[in-house]
Amino acid sequence: MAKSPVRKNKSIEPIVSQWANEQLNKMSWKNTFEQESLNQIIETALKNALSKEGGVGGCRVDAQVMLKFGTKEIPVMIEYKGTKGDLEVLDKHNLINIKTDKNEYDFKTISKKAVNGAVYYASVILSATANPYSEIMAIGVNGWKDETEQMHYEVKAYLLNAENPNMPIFFKESSDLSFLTQEANILFEQIEDCQKTPEELSRKHRQDEDRLEKVLKELNQHLRDESRIQVNHRIAVVTPCIMAGLGVKNADGSYKVEPLKPEELKGSQEEGETDGDKIFRKVVQFLKERKIPDIKQQHIRDSLKAILLHQRLGLVDETLGYSPLKSAYKEVFDNIIPAYHLSGILDFTGKLFNVMNDWVAVPDGDKNDVVLTPRYVTDLMAQLTEVDRNSYVWDWALGSGGFLISAMNLMLQDNKNNATSEKERLEKDQKIKSKQLLGVEKLPDIYILAVLNMILMNDGSTNIINENSLTEYNGHYAYNEVDKFPANVFLLNPPYSAEGNGMIFVQKAFERMKSGKGAVIIQDSAGTGKAVEFNKKILKNNRLLASIKMPVDLFKASVQTSIYLFEIGKRHRENDYVKFIDFSDDGYTRTNRKKASSNLSGEEITRPRYQELVSVVKNGITPDCVFFKEGENYVLDKIAIEQIDEPKNTAEKKAEIQEHNAKVGCDWNFTQHKKINTKPTLADFKKTVADYLAWEVSQLLKQDDTQGK
């Protein structure tokens with residue numbers, strides 16, 4: 001007997017539409033349905049966009065609502081579906097993702113899922129040139145009938161804002177639309193609150209990092225296998241390709257410097273028309289329109305010119321049929337540029353350098369990962385130093401600029417929270433980017449990456465300096481011999497091959513500071529004997545506040561590291577206590593960096609631990625602490641500061657003083673202060689007896705079993 005064909009569930013979208021529209025019509029909010037629009041601005045934005053299937057003709061939203069409270073308006077885009085499973089699609093990071101890795105809309109998903117479609121409409125409006133809205137709500141409504149003809153409805157609402165128009169923030173999940181009927185002041189307060197610290201933001205960072213790591217590894221492979229560009233030339237090729245591929249936009253979204261199109265690179269041998277010449281001209285225009293200081297522009301041009309113009313990379317390769325530069329540029333243009341646009345203001349070249357690290361001759365770079373500090377660690381250290389809108393932050397071993405990026409983000413957020421007007425906020429933002437951040441980097445290749453990173457963060461890279469921090473840098477602003485940089489925050493991951501494992505950087509920088517906070521992540525050996533003389537000098541005018549033991553596998557070479565936090569300008573006294581913290585278990589699970597697409601997992605566990613760590617450093621152990629326990633992974637103790645003259649009397653006192661003197665400058669790590677109690681307690685005795693008796697009973701039972709057989 002032949003089997004009956006499986007019947008595909010029939011969509012009941014018309015029923016869902018009627019059910020939802022009846023609810024909307026009972027509300028006081030202005031609403032419109034499929035053939036109408038709320039206003040001309042929204043209508044124009046939707047009309048000029050591709051349809052949800054990706055074709056011409058614009059978007060037709062199932063329903064639109066305008067929420068209003070006072071002078072503020074929030075449009076709501078609503079999309080209906082009528083089949084079980086058609087509410088939404090989340091990616092592996094639990095995000096609504098409407099774009100592919102190529103930065104192209106994923107119309108296959110947008111057209112088939114209610115939430116994804118509504119999010120697309122909201123994103124289109126927010127991205128429109130004339131958009132006046134700071135946020136838009138996207139609601140997906142889905143319904144279906146089960147085998148008993150019982151109706152089921154599901155509703156999910158997300159918010160998108162102008163700062164992150166492609167990052168939906170979860171707002172509500174419901175079985176109907178009644179949440180829109182709340183009092184306007186309550187509803188708008190909920191809308192504001194859900195955007196303050198969205199879970200999606202950290203997930204988006206992880207998504208961006210995964211995407212970037214993937215395309216950058218593919219770029220690395222491409223440069224090696226197809227373009228055949230030498231390792232020592234790759235940064236000088238990729239950096240200008242990124243600048244040429246980004247272009248520079250006007251405020252209205254039009255280009256003042258058009259991105260170079262790959263087809264414009266023809267491999268010409270005509271003087272001034274080689275592929276290298278064309279990329280170089282775009283770089284010159286890029287730097288000029290980004291208003292980079294003239295001296296810095298010249299420095300960057302000189303650094304890139306030798307590779308772009310004086311190598312044969314711009315000429316046609318007979319095997320390829322086009323120039324190696326075109327091969328590299330097309331890969332950047334097709335894959336890296338879309339990934340950057342999707343990533344927003346993520347520390348882009350920090351991730352770029354993670355791949356490029358193998359291209360640069362960094363002293364001991366393969367042993368201690370001196371250049372790249374993980375983003376979550378730079379964020380942590382910026383928080384530990386209490387960076388705010390009035391901080392002046394410098395880093396004397398800049399790498400790709402990760403510390404300055406973390407500091408800048410905190411400063412801009414603090415300014416956003418505390419500025420009294422939009423004019424004040426914008427003016428202060430500009431000052432933060434141009435006057436309150438400074439980095440020094442000795443290695444030319446790394447310097448170019450740091451400059452690119454800060455340019456992409458829109459700070460102008462004004463105060464990124466290509467000098468030796470210890471022998472050349474004079475403590476002034478870049479290209480300014482008059483004004484000293486008034487630093488009050490110091491952040492550093494030094495080259496551990498420098499004197500004192502790198503503590504010489506801390507000593508020299510602190511000598512140029514009057515007050516503030518400083519944090520350094522450094523090998524544990526710097527606090528156990530390798531930097532004694534530097535440590536003694538540092539403590540004469542700076543106080544050690546905390547010593548935090550970090551995970552052993554934090555860096556790829558598995559070096560033992562700690563973060564030392566200092567209060568600058570205040571002498572450390574013998575009776576000052578230091579917070580010693582064991583953070584070797586930060587919650588992350590790390591995998592083999594070379595084989596895994598992402599070497600971290602466990603973010604939901606780590607976030608509260610990192611937040612609690614910042615609180616413990618600031619306030620000590622409190623009743624709210626969950627992860628940190630007194631005597632276990634937190635110890636409050638003193639360190640040895642000064643040598644004591646040995647007495648001429650008792651041998652016991654002399655031995656005690658010798659032990660003290662041996663600790664001076666060498667007792668800065670958690671393991672030296674954790675108290676291990678070797679005295680047995682009554683509970684220990686009872687447990688031992690109980691364990692022995694249990695063992696005796698088990699032996700007797702075994703004996704009985706043997707005799708019974």
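## Helix H14

The expected span of a helix is 1.5 Å times one less than its number of residues. In this predicted model, helix H14 covers residues 402-418, and its 17 residues reach 24 Å from the first C-alpha to the last, close to the 24 Å expected at 1.5 Å a residue. Buried residues of H14 include Phe403, Leu404, Ile405, Met408, Met411 and Leu412, and Gly402 and Asn415 are also among them.

## Salt bridges

The count of salt bridges comes to 19. One of them joins the side chains of Lys416 and Glu163 at 2.4 Å, N to O; Lys416 lies in helix H14 and Glu163 in the loop between strands E5 and E6, so the pair ties together parts that are 253 residues apart in sequence. Lys416 is partly exposed, with a relative accessible area of 41%, whereas Glu163 counts as exposed at 56%.

Within helix H15 (residues 422-435), Arg425 and Asp429 are four residues apart, about one turn of the helix, and their side chains meet in a salt bridge of 3.0 Å, N to O. Arg425 is partly exposed at 22% relative accessibility, while Asp429 is buried at 11%. Together with Glu422, Arg425 and Asp429 form a network of salt bridges.

## The cavity

A search of the whole structure finds one cavity of 30 Å³ or more, and the largest cavity has a volume of about 100 Å³. Of the 13 residues in its lining, the closest to the centre are Ile96, Asn97, Asn166, Lys204 and Gln207. Helix H6 gives the most to this lining, with four residues, and by class the lining has six nonpolar, three polar and four charged residues.

Technical notes. Residues are numbered from 1 along each chain as its sequence is written. This is a predicted model: local features need pLDDT of at least 70, side-chain atom pairs count only at pLDDT 80 or more; totals for chains, interfaces and linings use all residues. Side-chain values use heavy atoms; hydrogens and water are left out. On a 1 Å grid over the protein atoms alone, a cavity is a set of points where a 1.4 Å probe fits but cannot get out, and a pocket is an open set with protein on both sides within 12 Å along at least five of seven lines; lining residues have an atom within 4 Å of a point. Grid points are joined across faces, edges and corners, and a volume is the space filled by probe spheres set on the points. Helices (H or I, at least four residues) and strands (E, at least two) are DSSP runs, numbered from the N terminus. Ala, Val, Leu, Ile, Met, Phe, Trp, Tyr, Cys and Pro count as nonpolar, Asp, Glu, Lys and Arg as charged, and the others, Gly among them, as polar. Buried means under 20% relative accessible area, exposed over 50%, partly exposed in between (1.4 Å probe, protein chains only). A salt bridge is a side-chain nitrogen of Lys or Arg within 4 Å of a carboxyl oxygen of Asp or Glu.
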